Amino acid sequence: MAIKINNVLTRKKEVFEPVEEGVVRMYICGVTVYGRCHVGHLRCYLSFDAIIRYLKYRGYDVTYVRNFTDIDDKIINRAKEITQGPEGSWRSLPAYESYDACQWSERLAEDEKILQRAKGQDRHLAEVVADHFIDVFRDEDFAPFELIPAQVEPRVSQHIPQVIALIESIIEKGFGYEVGGDVYFDVPAYHAASASYGKLSGRDYTQLVEGARVAPTDKKRFGADFALWKKSGEGEPAWSSPWGQGRPGWHIECSAMSLDKLGAPFDIHGGGKDLIFPHHENEIAQSEAGTEKKFCNYWMHNGFVTVDGVKMSKSLGNFISIKDALGIAPPEVWRLLVLSTHYAHPIDFSRTKAAQTASVACETVRGNIDIAYDRLEYFYETLRRADEIVAGEEVGEEAACMEEPRALELLGRFTEAMDDDFNTAKALAVLGDGMKLVNELCDLKAKQVKKLPGGRPSWIATLAKLTCDLREGFGALGLLRCDPAGALTACREFAARCSCVDVSAVEAKIAERERAREEKDWARSDALRDELVAMGIELRDSSTGTDWRVIR
RNA sequence: GGCGCCGUCGCCAAGUGGUAAGGCAGAGGUCUGCAAAACCUCCAUCACCAGUUCGAAUCUGGUCGGCGCCUCCA
């Protein structure tokens, strides 16, 4: 069985054949570090995290590179804004129109932090801005999600020689030209020689020019040409080059660093769909122009996160920051939610759409986050009850599993789903079936267990195998890696905090109800339960006691 | 204007030629002091029209609706 990948480059689903057998070299476009990340970024890195985990699960030795673009106009602009201070005219820019008081307060606090960090450092403020947001990315935004760390996280600022060498090679081959300190990639010349510009995005470069906005100061020969190197302006960060003081253009850094870390061709290049053009198209052109080798074999792009059907983006102001996301649900809930949809399809986070379209049913329509939250708890609860049954039991090696196809074929079906272009949605459905089976088995009475072929030892063996396989499958997606009891407590505490539930008051009422129940005072017991329901608490009585959870 | 994607049950969501996975909600049931949970059963012919085919949600053409890229963007 082989893994199949929907290759954006060929627009076909293809059998994955790495350059070197058993090894996967992949490059995922990282972020430009000029601000905080939002759920759109989260979706991208969670989707690719599951893909990387699965490739490892399938036995591949994965070399994964994810860059930080730490030189860019937006970073320089941010530095300029910080320099101007809170009274600067930048605050009236259109980009900030939608800012509310809360966002402003966060923004200014962040600027202050960056200024503090810059004190005593003899560096350009833009570099400090980049450092700051790299730290935010690693230590704040993404740390809770436990992504598989990239082997290398290259920064452009540390790869200027590689960038320059690649640009020189492009110029040497006749596909780049210098104009007054800027260097441009010559799209028409390259296309004339290779007939390949536009092969990823399916664009005809001659038609691009008509729609392209060419700024009056542009020195490029052709509208579709793009900057490989930019001459630095006054007070901007600059590096020495054969073309004078300047900095790399956007696109070239990913080519230079991926070629440096992975060589050409490497296996998989990924990123958001919005990067297909121009970013990835230009990466291919300049890399293949400079190296005369194929750049990358498989291109994968994740779908957008949308809000009310519209792409989530900073410029539209319709984004949920990762910081806010972590206040809505725990990291693992977000992971489950993201993986519930195929990586290439859009995910919509609107909570208003349902209310608009289904006026009758709006009260019963629940947010996807809440559903994912419940589902995660269901998974952990299922594992917990199975663990309790299996714990302390001798799982005899000789005890055969029950002839239960749903148990025996679980991982096979999981692998089949994932092999087909990493269909995490389907894979989760398969694993969900396994969870249902675990509950079914746990529900059996001792008498029924006795009657099973193989009896109790076989029942235990089956439960042990199932939970082990489920952990393996979910684990290959980065899910259910925690101890169930601990995870459930954390889930409940999180929900209690969100709903401002007074945990000690809840537990006091539960204790009181326990006493009423011991005295078989059902009226009192039920009254207490009603009070708890009014507090947003649902009870679950069992033979071992009363558990509770926050109603969502 | 150019290129491209999408439209599957009330909601979410798999499914690229062989007769519609899964989740939520809903109905009925088993279990339970009651309830919850868990489990069982039920619940769609795939925006529309016209073709290709023995056979189409899946292919082709058209219509309508939504979105994306072409400027920064995961």
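**The strands and their surroundings**

Tutor: In this predicted model, strand 11 (residues 305-307) and strand 13 run parallel and are joined by two bridges. Within this pair, T306 stands opposite D348 of strand 13. Both strands belong to an open sheet of three strands, whose order is 12-11-13 and whose pairing is mixed. The edges of that sheet are strand 12 (310-311) and strand 13 (347-348); each has a single partner strand, so one side of each is left without a neighbour in the sheet. As background, strands of a sheet pair through backbone hydrogen bonds, and the pairing may be parallel or antiparallel.

The antiparallel arrangement can be seen elsewhere in the chain. Strand 6 (residues 182-185) pairs with strand 7 (residues 226-231) in the antiparallel sense, over three bridges. In that pairing V183 has W229 of strand 7 as its bridge partner. Strand 7 is also joined to strand 8 by three bridges, and these two strands run antiparallel.

The loop between strand 8 (246-248) and helix 8 (252-262) holds W250. An N or O atom in the W250 side chain is 3.1 Å from a phosphate oxygen of RNA strand B. The C-alpha atom of W250 is also 7.1 Å from that of D72, although 178 residues separate the two along the chain.

W250 is one of the closest residues among the 63 that surround RNA strand B; G272, L275, Y378 and R529 are the others named as closest. Where do the RNA atoms within 4 Å of the protein belong, to sugar and phosphate or to bases? Sugar or phosphate accounts for 68% of them, and bases for the rest. A polar side-chain atom of N302 lies 3.4 Å from a base nitrogen of RNA strand B, and an N or O atom in the R517 side chain is 3.3 Å from a base oxygen. The surface near RNA strand B is made up of 21 nonpolar, 21 polar and 21 charged residues. Helix 16 (residues 424-443) supplies the largest share of this surface, with seven residues.

K293 sits between helix 9 (276-291) and strand 10 (296-302), and is partly exposed, with a relative accessible area of 48%. K293 and G263 are 30 residues apart in sequence, while their C-alpha atoms are 9.8 Å apart in space.

The largest nonpolar core has 115 residues, of which M26, L55, W334, F414 and F422 touch the most other members. Helix 1 (residues 39-57) gives the largest share of this core, eleven residues. Domain 1 (368-483) and domain 2 (499-550) both contribute residues to the core, so it lies between them. The C-alpha centres of these two domains are 30 Å apart. In soluble globular proteins, nonpolar side chains tend to be buried together.

Conventions. Residues numbered from 1 in each chain as written. Chains lettered and ligands numbered in written order. Predicted model: local features only at pLDDT ≥ 70, side-chain atom pairs only at ≥ 80, totals over all residues. Heavy atoms only, no water. Pairing = 2+ DSSP bridges. Helix = DSSP H or I, 4+ residues; strand = E, 2+ residues; numbered from the N terminus. Domains from an automatic or database assignment. Near = heavy atom within 4 Å. Polar contact = N/O pair within 3.5 Å; in protein donor to acceptor, adjacent residues only side chain to side chain. Nonpolar A, V, L, I, M, F, W, Y, C, P; charged D, E, K, R; others polar. Core = buried A, V, L, I, M, F, W, Y, C linked by side-chain atoms within 4.5 Å. Buried < 20%, exposed > 50% of the residue type's maximum accessible area, 1.4 Å probe, protein only.
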